[in-house]
Amino acid sequence: MIAGTLREWYPAAGELVEWRLRDGSAVTEGAPVHPVGPSFLQRDHLVAATAKRATGAPHRAVVMMATDIDEPLDREAMRVAITDFVRAHDEVRSFFEVSSDAIVRRVAAPDGIEFDTVATGPSGDHATLIDRLHTRIDSEAVHDRLPGVAFGAIDAGESFGFYVVSDHSHTDGTASIGALGELFARYRAHRSGTAADVLAAGSHLDYIADEYRRAALVSPDDPRVETWRSILADHGRTVPRSKLDLGLTGPDTLDAIAIDRPLASAEATAACERRARALGGSLLGALFAALARAEYEITGDPAYFTSTVLSTRDPELPGTQGWLCTFAPVAFRADAGDDFDDLVLIASDALRRTRDLKAVPVHAVLGLLAAQGDFVPDDGSPQMVSYLDFRRLADETSPEIAGGQVIPGVGRTRNANLWINRNDDGLRLLSHLPDTVAARASVTELHDRVGAILAEHAARADLVPTSGGDR
């Protein structure tokens, strides 16, 4: 599995097949209001999506899974699998009504969910297919439609391409990968007449209620709040921004492009991890150390500051569908230590402190710090680095995962966000950046330098560490 872009997905041509909610209007109208509203992250998304819709801009705040399967499509088995999947998860049965006064969640009952299979004609050439998928995204994978998820396939006879694309309010990267695995587990179970072996799942709505409970308990003297306060004080009391030259000419976002490329082979990745652990650090520490060192070399600014994504998913309920993560700051000096081995340890320690923050809701912390004058909010999103080890999230030997792609929507940005992912082939990097000459040049330079630093680190894997080995 890789993280990719929609325009780089080339399924075999065939007949377009869509699975649509039966009696969708009636089911939507009959869905009652639920007392649990949106999570903090969902609220941010819904406000931004509503404002963007008012401008007429296309909807790209989605997460998509696409895969290619080398066997005939059983349309009825997939219809039943999709029906069972949506029935099983309260977040997927949710939609939101957004007004100037409130955001209301409504949730359809499981027994009202049934899908139909609809063939809509030939897929056409690649450009025609992509246009059709974007049309579905704009009209179906949206927050105020039930289920807010579009399911479809390109049936090529002896093989098929399959996709599921969701409004971001209902999912994150981990949940989307889990959704693909669960759909195919249910699909194959229906084909074979056996019970589906799916991951244990909980209620996303229960999670949100608990998040609000935990947020209410946040106090100014919490040491985790002090960690936030200290980091923000060192970096202008605001969220991190990319320090690269992105060709920005004002405060507005620009249309984004995606760069997807390999970062390190499986052998080099394993060597980097081996070296980092021998020092007392981690592979993730080596990655952030390389990012910080490369940025310092390019910009001359040694104060590395970014945000990262931390999963808040209950490990006992890995199959829960929803947006189960938080954001936390990562900050350290890229000029600290005598050599890169020292920086790996420094970055690893910074990441350990960051992980301690995940139990305290970020919105509650920032709200408190803003009230105290220790945080200056703005309307932009922070610079972000995300890391996922796909090998731990799904069975890479299953056909749908082996041939799968995680596809974040590409919209507008003023950052150069990074998604670094590990699979059996090593490390791969996906970045969304403004579509400017300057951004292409500076981001490509950063990626090249990060790869070179990791290669140097890997080459030293079997040498005796000169520092940190006894930590």
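No disulfide, that is, no pair of cysteine sulfur atoms within 2.5 Å, is found in a search of the whole structure. The model is a predicted one, in which local features need pLDDT of at least 70 and side-chain atom pairs count only at pLDDT 80 or more, while totals for chains, interfaces and linings use all residues. Residues are numbered from 1 along each chain as its sequence is written, and side-chain values use heavy atoms, with hydrogens and water left out.

Cys272 counts as buried because its relative accessibility is 2%. Cys325 is likewise buried, at 8%.

The nonpolar interior comes next. A nonpolar core is a set of buried Ala, Val, Leu, Ile, Met, Phe, Trp, Tyr and Cys residues joined through side-chain atoms within 4.5 Å. The largest such core has 45 residues, of which Leu263, Phe288, Phe332, Ile420, Val450 and Leu454 touch the most other members. Among the elements that each supply at least two of its residues are strand 9 (254-265), helix 8 (266-279), strand 11 (325-333) and helix 14; helices (H or I, at least four residues) and strands (E, at least two) are DSSP runs numbered from the N terminus. Helix 9 gives the largest share, nine residues. Leaving aside neighbours within four places in sequence, Leu263 is in contact with residues including Leu287, Ile420, Leu429, Val450 and Leu454, contact meaning heavy atoms within 4.5 Å. A second, separate core of 38 residues includes Leu73, Ala77, Val86 and Phe184.

The search also finds three cavities of 30 Å³ or more. On a 1 Å grid over the protein atoms alone, a cavity is a set of points where a 1.4 Å probe fits but cannot get out, and lining residues have an atom within 4 Å of a point. Grid points are joined across faces, edges and corners, and a volume is the space filled by probe spheres set on the points.

The largest cavity holds about 150 Å³ of space. Its lining comprises 17 residues, and Glu295, Tyr304, Gln383, Leu418 and Leu446 are the closest to its centre. Helix 9 (283-299), strand 10 (303-311) and helix 14 (437-459) are the elements that give two or more residues to this lining.

The second largest cavity holds about 100 Å³. Val63, Phe85, His170 and Gln321 are among the residues lining it, and strand 3 (62-69), strand 8 (160-167) and helix 5 (173-192) each supply at least two.

Notes:
Buried means under 20% relative accessible area, exposed over 50%, partly exposed in between (1.4 Å probe, protein chains only). On a 1 Å grid over the protein atoms alone, a cavity is a set of points where a 1.4 Å probe fits but cannot get out, and a pocket is an open set with protein on both sides within 12 Å along at least five of seven lines; lining residues have an atom within 4 Å of a point.
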